[in-house]
Each structure stands twice: as C-alpha cells, then as structure tokens.
Amino acid sequence: AGLPLQPASKFNQGTRAMSSAVARSLRSAPASARRLPGRAVLSRARSTAAVGVADDAEPQGSLFNPTAEHYALRELCAAFVRDEVEPQALEFNRAERFNHPLFRRAGELGLLGVTVDPEYGGAGMDAAAACIVHEELSASDPAFCLSYLAHSQLFVNNLARNGSAEQKAAWLPAACSGEAIGGMGMSEPEAGTDVLGMRTRAEQQADGSWLLNGGKMWITNGAVSDTDLGDRYLIYARTAGPEVKASKAVSLFYVERGMAGFSLGQRLKDKCGMRASPTAELVFENVSLPAANLIGQPGGATVCMMRNLEIERVVLAAMGVGIARRSLEAMNAYATDRRAFGASLRDFGQIQRHIAESYAEYMAGKTYLYQTALGLDLDAAGNRLDTDGVKLYCTTMGKNVADRAIQVMGGYGYMGEYAVERLWRDAKLLEIGGGTLESHHKNMVRDMSQLDAMP
C-alpha cells in the first residue's frame, strides 16, 4: 500500500485532488495502459526498449510522489509513454513531424490542462504534477514533451493564471481537450534574453480594439506542419511609447489562427534537436484584436510573464531529469551487457565513474526539482532564485548524463537507433530556451544579494 502520506502541511497547499478527467483515464484505459509497468530494462539500450515506472518506484507519500494522486498520475504517464509515446519517437523525430494524433491523445488522458481548474477542463493539480508529466514524457521523447510544455504551460497555464473568468471559459476547454493547439510568443529575432526590448507593438484604436504589428521567432507550436499555423497563441507586445518604463509597457493578447493579417512566416527546420517539435516564425500585419482579447490590464503583462517563466523553468528542469533518467538506465544496462577484455564493461573504473557520477547528479537534481516544485505557488511570483537555480542545474545535468551515456556506449551510443544520441541533441535546447544559463546566473546572484545566510 506504500508509505503513509505525510501531513499536507509539508506540501504546497495549492495541491488539489486529481480531476475526474485523469481518474476516468485510469479507469477507462485498456488494461495494457493501466497496469504498473515492470522495471524498464533496455535491451542493449535500444530506443525501442520498454520505458516506464520501475517496480521499486518511489511510493506515494515520497518526495517524488507526494500524494496518491501524484502517484496515479505518474503511473498513467508511464503507461502512456510506454504504449504510445515511445513507439513513435524515433520515426517522428527523423521526419521532423509533429504527432498531432498523439497530442490529442494526451488531451483525452487529461494531461493538457494538468494545472488548470476542473471548471475549465483541467486536472486541478500543482507544479509537482506538471513536473511528473514532463519528466515521464522526456524520458522517451523530449521533442513531443517540448510541444506539450508550450501548450500546457506557456498557453494553458498562462491563461489560467492571468485571464478573466470569461476568457478562461471561452478558450481553455478546447485547449485542455486537445481540440486546439496553443503556444506563446515572446522571443523575437532581436529580443531573446532581452525580452523587454521587443519591437512587436499593439496600438489601441478609438473603438477599444487593438492593432497588432510585428513578428515572433523561435515559437514552439508556431506551426503544426510546413504550411499550417497552430490554433491559439498568447502574444506579448509593447503597448506604450519609449517614455514609459519597459516593464510597464508590455501587454498580453490572445491571437488565433484565421485572423486577418496573422500568418506563418516560416517553419524552422534542420534544428540540432527537438526535431519533432515544430518551431516557427509568426508574422502580424495589422491584426485587429477585439478589446476582449487583452489579457489583464494594458502594460501589466510583465508580472504575467515573470510568474509563468517560473513554472516554465521548473518543468524544463523536469525535462532534464527525464533525459538523465533514461540516459542513466541506458548506460547502466549497456555496461552490464557489454563485455570487453574478458570482463563486463561495468567492472572498469573509468566506466564506473561515468555511471556513479551520473547517478549522484541525477538524484541531486531530481530532489532539488521536486523540493522546488512542492514549494511553488502557481498564482504568485517571487520564486526566481530556486526556479532559476533548478533549471540551471538540471538542464546541464541532463545534457552531461546523456553525454556520458554516449561515451559508455561508444559507437552504439552515437547511432540514431539508440535513444541517447537523440536525448543528447535534445538536451542542449534546455540550456537556451526558457532563459539561458547566463540569464540564470545574473538573476540568481542578484537575488542572493538579499540573503543574509544560505538556506
């Protein structure tokens, strides 16, 4: 039955019961998708090997599965990954194609609105639940997970936290079900880390509507194919002149496919990694937006941005943890199976160092991740030190563990037939997207100037 649950006071008070949507998924899924998978034993670490929750996975009441609902969610995700995500990962990454049916399947399982109130079709869970989903998906297909992140956190959670009741009722249900694919536009060709230097502008008209002009770059889910836009986006734009402080001059708008003047600039292909997650340039030419499409107050979007960046960075850290876990499983299994010089590869000190250091770093990162997530209030800002810190550590940790896995597996690890070379390529983006490592250094040291003592 697992360990007794720890007192609720030890966990984020925002944690709620798992929604009926997720519970129904557990009941209605076929037996093969419901049962707890056995230990993931990777046959020579091939990418087609089983993935899932190990027989000795942390029980409910642990740091990584703090409640019965979190544990059930992890089981659900692990089964989904094993049965439906893993079999398609290599094919769709090689073809640079977005798996739209699989995305809709995630909606059927109740995963697309994991942090959204059930009133709007979500699961009503917390940041730790979001980390569980991202960790499990990234252990198999980080590219699919990246598109999931852009939808579930950058669009869905962003709107859930910052939209009005009317806006949430109008736009969230279809996003939570998977009927509509969402994303968020913040970065521009000349405004990445310097996000407040954005040039996209929205000017209010006499009738209260807004006229949007400019462009956004590197937008995940900006396209679903080479020619087609996604469905719905939250777009940050400057709405005041240079005389207004930049942090008070940015507003957030809801924009959808089909609006006159909104077009796909280009789908960006031939990326180093994350190839099954579509990335695009979005173009806005005199796009007329109703007054009702403004999210929050004019000039008030910087707080929305900072609050949502915190959960984005935490789930990007979870992706690093998922990549590290799969890579560690792969090198550990391979080192046992492979023999050289008459002995198992794992008997050699150089290999032992790769595996042992990877395990220690993985466990340190995973612990930091869930400790941070359980203390994160999704409705508040001000958690930057540790949300930046956990992304800083876990994303590089995931890349390094994947790198070691390739080193342990030698030529096999370098081949596309095996998962680790794809995980290694995918991991690099985590050190750039959602804030570069350098921006985390700056933010953390600035915040640490306010500390008298370390935690």
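Q: Why is the crossing of α10 and α11 called left-handed?
A: A crossing gets that name if the near helix is turned anticlockwise from the far one by less than a right angle (clockwise would be right-handed). The crossing of α10 and α11 is left-handed. Helices here are DSSP runs of H or I with at least four residues, strands are runs of E with at least two, and both are numbered from the N terminus.

Q: What should I know about the model itself?
A: It's a predicted model, where local features need pLDDT of at least 70, side-chain atom pairs count only at pLDDT 80 or more, and totals for chains, interfaces and linings use all residues. Residues are numbered from 1 along each chain as its sequence is written, and side-chain values use heavy atoms, leaving out hydrogens and water.

Q: What makes α10 roughly antiparallel to α11?
A: Axes are lines fitted to C-alpha atoms, for helices over the stretch in contact, with angles from 0 to 180 degrees between N-to-C directions. Helix α10 (residues 384-413) and helix α11 (residues 419-429) cross at roughly 150 degrees, their axes coming within 8 Å. Angles over 145 degrees count as roughly antiparallel, under 35 as roughly parallel, 65 to 115 as roughly perpendicular and the rest as oblique. So α10 is roughly antiparallel to α11.

Q: Which residues meet where α10 touches α11?
A: Contact means heavy atoms within 4.5 Å. Among those meeting are Ala402, Ile406 and Met409 in α10, and Leu423 and Trp424 in α11.

Q: Why is α8 called roughly parallel to α10?
A: Helix α8 (residues 301-337) packs against α10 at an angle of about 25 degrees, with the axes 7 Å apart. That angle makes α8 roughly parallel to α10. The crossing of α8 and α10 is left-handed.

Q: How do you know that β3 and β7 pair?
A: Two strands pair if DSSP finds at least two bridges between them. Strand β3 (residues 210-220) and strand β7 (residues 279-289) have eight bridges, in the antiparallel sense, with Ile219 opposite Ala280 in β7. Strand β6 (residues 262-268) also pairs with β7 in the antiparallel sense, over six bridges; Ser263 has Val283 in β7 as its bridge partner.

Q: What makes Phe262 and Phe284 a stacked pair?
A: Rings of Phe, Tyr and Trp (its six-membered ring) pair if their centres lie within 6.5 Å; planes under 30 degrees apart count as stacked, over 60 as edge-to-face and the rest as tilted. The count comes to 10 aromatic pairs. For Phe262 and Phe284, the centres are 5.1 Å apart and the planes at 10 degrees, so the pair is stacked. Phe262 lies in β6 and Phe284 in β7, so the pair ties together parts 22 residues apart in sequence.
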